[in-house]
Amino acid sequence: MSKQTVYTLGELSALLEVELRGDPTLQIDGLATLKNATVGKLSFLSNPRYVHQLASTQASAVIINSAFSDSCSCAQLLTSNPYVSYAKASQLFAPERADEPGVHPTASVHPSAVLAPQVSIGPHAVIAAGVTIGARTRIGAGCSIGARSSIGEDCTLFANVSVYHDVLIGDRAVLHSSVVIGADGFGFAFDGKQSIKIAQLGGVQIGSDVEIGAGSTIDRGALDDTIIEHGVKIDNHVQIAHNCIIGEHTIICGCSAIAGSTTIGRYCTIGGGVGVIGHLHIADKVMISAMSLVSQSISEPGVYSSGTGLLESKEWKRNIVRFRQLDDMAKRLKELEKLTLGK
Amino acid sequence: MSKQTVYTLGELSALLEVELRGDPTLQIDGLATLKNATVGKLSFLSNPRYVHQLASTQASAVIINSAFSDSCSCAQLLTSNPYVSYAKASQLFAPERADEPGVHPTASVHPSAVLAPQVSIGPHAVIAAGVTIGARTRIGAGCSIGARSSIGEDCTLFANVSVYHDVLIGDRAVLHSSVVIGADGFGFAFDGKQSIKIAQLGGVQIGSDVEIGAGSTIDRGALDDTIIEHGVKIDNHVQIAHNCIIGEHTIICGCSAIAGSTTIGRYCTIGGGVGVIGHLHIADKVMISAMSLVSQSISEPGVYSSGTGLLESKEWKRNIVRFRQLDDMAKRLKELEKLTLGK
Amino acid sequence: MSKQTVYTLGELSALLEVELRGDPTLQIDGLATLKNATVGKLSFLSNPRYVHQLASTQASAVIINSAFSDSCSCAQLLTSNPYVSYAKASQLFAPERADEPGVHPTASVHPSAVLAPQVSIGPHAVIAAGVTIGARTRIGAGCSIGARSSIGEDCTLFANVSVYHDVLIGDRAVLHSSVVIGADGFGFAFDGKQSIKIAQLGGVQIGSDVEIGAGSTIDRGALDDTIIEHGVKIDNHVQIAHNCIIGEHTIICGCSAIAGSTTIGRYCTIGGGVGVIGHLHIADKVMISAMSLVSQSISEPGVYSSGTGLLESKEWKRNIVRFRQLDDMAKRLKELEKLTLGK
């Protein structure tokens, strides 16, 4: 059952539930940017900055807001949110994944594991005792699923994902290569001479519609579980420490790290390279800009930042010297004000 | 031989070497926080902030400092360091790992490799020529151990760990999934046109009682070895570059990176997301706060930080503009002082 | 065919194309630093800071600039760039990798894959449909190569590398363990309630002579390809997001992240832990210092930095408080200047 790779504009209009302005029999065989599109391609205008590209695009059709309709001489798919319609169209043109249903003969599946219909288990994958895998879920080559873990329906685990024991993952999850779910949280008690390991007895619960980028890690809880709620999207190289709770539909960009027992609200956007220290509480709809350090709880929605901004190094060094004198400067300024203003 | 999952309070008192106040026949089947404990659970009070939870906890017993003994109506295990006793108790309740001794039929073990008694080699693991594995060590599914490497006794390597050739690892090491030990250090010589690779001829030496978190990487040395001393604990996503030396019992939190040839002392705590540049020397008992950049050697124990702290972005932008004017401001302040104070 | 492990000085002089001052029959069996060298070792002096070590080194010969020749009493290999000659020498002494040509019996190779002569496919590696592997390339244990991807000649993929579908990699590439090439770029369209996945329909193109460190990730493009040009060297834990273009011979140090659609020029040096936000354009020959955040395009070559520098935490806290008052301080300074200077 191979996937459709060419659609008529009429079919696309119906599938995307958007209004068509143009010839419904026109054949579309792929997506492209306005700049690089050739005949037969569907493009989109989401950012008004690119509106000038409409005049010269070779695209056969464009997903567009009706406000810009007049700037465009080719066929149009009209929608109030072209970026969302483009996202839906991209899924129509995504190549079928190669993995066929069934257990590859080189995979190791424990006899007590329960595999739902149409599950695909790739070469050299390892499914431990008591694991449950939902219908149509695909486990990539070299993945390892630990004892008693459960993975929902329609999930995709790419090659070399490691899921430890007692991890629960919902439906439609996408886990990219080298992801590690359920490794021990980083917990030690120092006895004055050495660090005594605190066994991490909790698990991990991951909701439905969660995507986790390549190399990201979500540690298991110390006593209670680490929790990733529905619809959370996590980019590459992200670290979620033990007992964090990440609220529904929050987005965490690449290389960010959330330290232990921190709760992040719903619909937050955590920029790339952000650090959030442990035991904090971040409200819903908070945005953190790239490479900020969040060192205190945030109770109000809004945009938050830290850092100094980039300078040419010579200039930066001059200012850095002054940063070290800043408290002194503030006191001297106060002193001058006293003398000059009498306050 | 399955592991004990229920203990009497009397047994726990003996195993943890702490004083019991309460009924020694009481059965304990797990650990829980004060807040979430139910009947049959053992809890602990380490942080005095939670002392108010003693009144309402459903725990059957609590590990506690005798100073707080009176606030607690349930059975007690009295100890001067409840956090350490909790750590030891957590190990008693840790689930038995599934891997049984023996070489899984799908593993590839080179005939010249030497496996001590009760070693477990998981499915699809690869053990190269000349490797030595100590007694009771468990090599997880899909791990790869390179030529001539040696792993001590009672180690645990979780799934998909990669150990290159000529790496020495001591006893009781724990390496989590996607860890990479002994990849090439990042060394190139620029000839004016391109970068010529410097073959990394050194190895890696890791002491005993070292834990390394998921996805962390420790590169092999250029000529001499990279060295991780006894008792070092490394969290997830940490990068240790070639020829670093990390002193005994130092703790490195998640997403930190130590650049090449830097030496870090004993009993240091490196916070999360910290960067330490190359060729530095950090003294014993230094603490670095999260996301600091260490750009110079540190000769005295103490706590060190960098960064600006988090602000609401509007406020941050106003101050960032001034940061760029800081050197100018300092000069103008000096000028005013001359005029006003005559100095 | 085992590799040569001992060379005469005469052979080394010829192989490295440098002038020999000393006995050409002298046997050299390895490389070492000036400080740790023993008899039979070849050392090098690159950094003049170590010139004093020449007097006491036990090395049998030294790679050295003729300017320092008189400070050295042992045999010499004279060159204008000792660091480059040392790099070349290091390759001569690198141990032969163990993998022999051929497909390991446990590997899974799709019948439609095309393997050139002398390719080595390691244990449990998986080669999907339509893959092409160039001559003498070695695919390590547990690697997964996705459908239709192509890997050039003389490449080395260490254990547990994941290459997705439709990825092109040139000749002489080195990919270290846990590298992930071609995972989905992080693209979602928010429809007001949830994030709709944008299928990542582009691929990844990697030029020749590229090295990619352990655990690094390079995402596939949304529509066009992500591109890594010839000679780029990437350290561990680096994240390259979708549709980035990294120019020839640029070096990216560990734990740096380049956000989506950013173009970086040729011969740049991106320090460790750097973040570059998306949709920027960085000129050729730009250097970014460690842990800087690049938040705007850079059109001129030069060195750029951000951050505050490290302070003892007590002092840092005093200055951080003032950082928050910086805009206020600047205004008060201006006011005083008006009063005092009448400007």
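These are my notebook entries on a predicted two-chain model, chains A and B.

**Ground rules.** Residues are numbered from 1 along each chain as its sequence is written, and chains are lettered from A in the order in which they are written. As the model is predicted, local features need pLDDT of at least 70 and side-chain atom pairs count only at pLDDT 80 or more, while totals for chains, interfaces and linings use all residues.

**Entry: domains of chain A.** I looked up the domain assignment and found domain 1 at 7–93 and domain 2 at 313–343; such bounds come from an automatic or database domain assignment. Taken over C-alpha atoms, the centres of these two domains of chain A are 56 Å apart.

**Entry: α1 on α2 in chain A.** I checked how helix α1 (9–16) packs on helix α2 (82–93) in chain A: the angle is about 120 degrees and the axes are 10 Å apart. Helices here are DSSP runs of H or I with at least four residues, strands are E runs of at least two, and both are numbered from the N terminus. Axes are lines fitted to C-alpha atoms, for helices over the stretch in contact, with angles from 0 to 180 degrees between N-to-C directions. The pair α1(A) and α2(A) therefore counts as oblique, the class left over once under 35 degrees is roughly parallel, over 145 roughly antiparallel and 65 to 115 roughly perpendicular. From α1(A), the contact uses Leu12(A), Leu15(A) and Leu16(A); α2(A) brings Ser85(A), Lys88(A), Ala89(A) and Leu92(A). Contact means C-beta atoms, placed from the backbone, within 7 Å. I get 5 nonpolar, 1 polar and 1 charged residue for this contact; nonpolar is Ala, Val, Leu, Ile, Met, Phe, Trp, Tyr, Cys and Pro, charged is Asp, Glu, Lys and Arg, and the others, Gly among them, are polar.

**Entry: the sheet in chain A.** I traced an open, parallel sheet of 9 strands, ordered β10-β13-β16-β19-β24-β27-β30-β33-β36. Pairing requires at least two DSSP bridges between strands. β10 (114–115) and β36 (281–282) of chain A are the edges, each with a single partner strand, so one side of each has no neighbour in the sheet. Inside the order, β30(A) (245–246) and β33(A) (263–264) run parallel, joined by 2 bridges, and Ile246(A) stands opposite Ile264(A).

**Entry: A against B.** I find 63 residues from chain A and 62 residues from chain B in the contact. On the B side, α2 (82–93), β40 (311–312), α3 (313–323) and α4 (326–341) each supply at least two residues, and α2(B) gives the most, with 8 residues. That side of chain B has 28 nonpolar, 26 polar and 8 charged residues.
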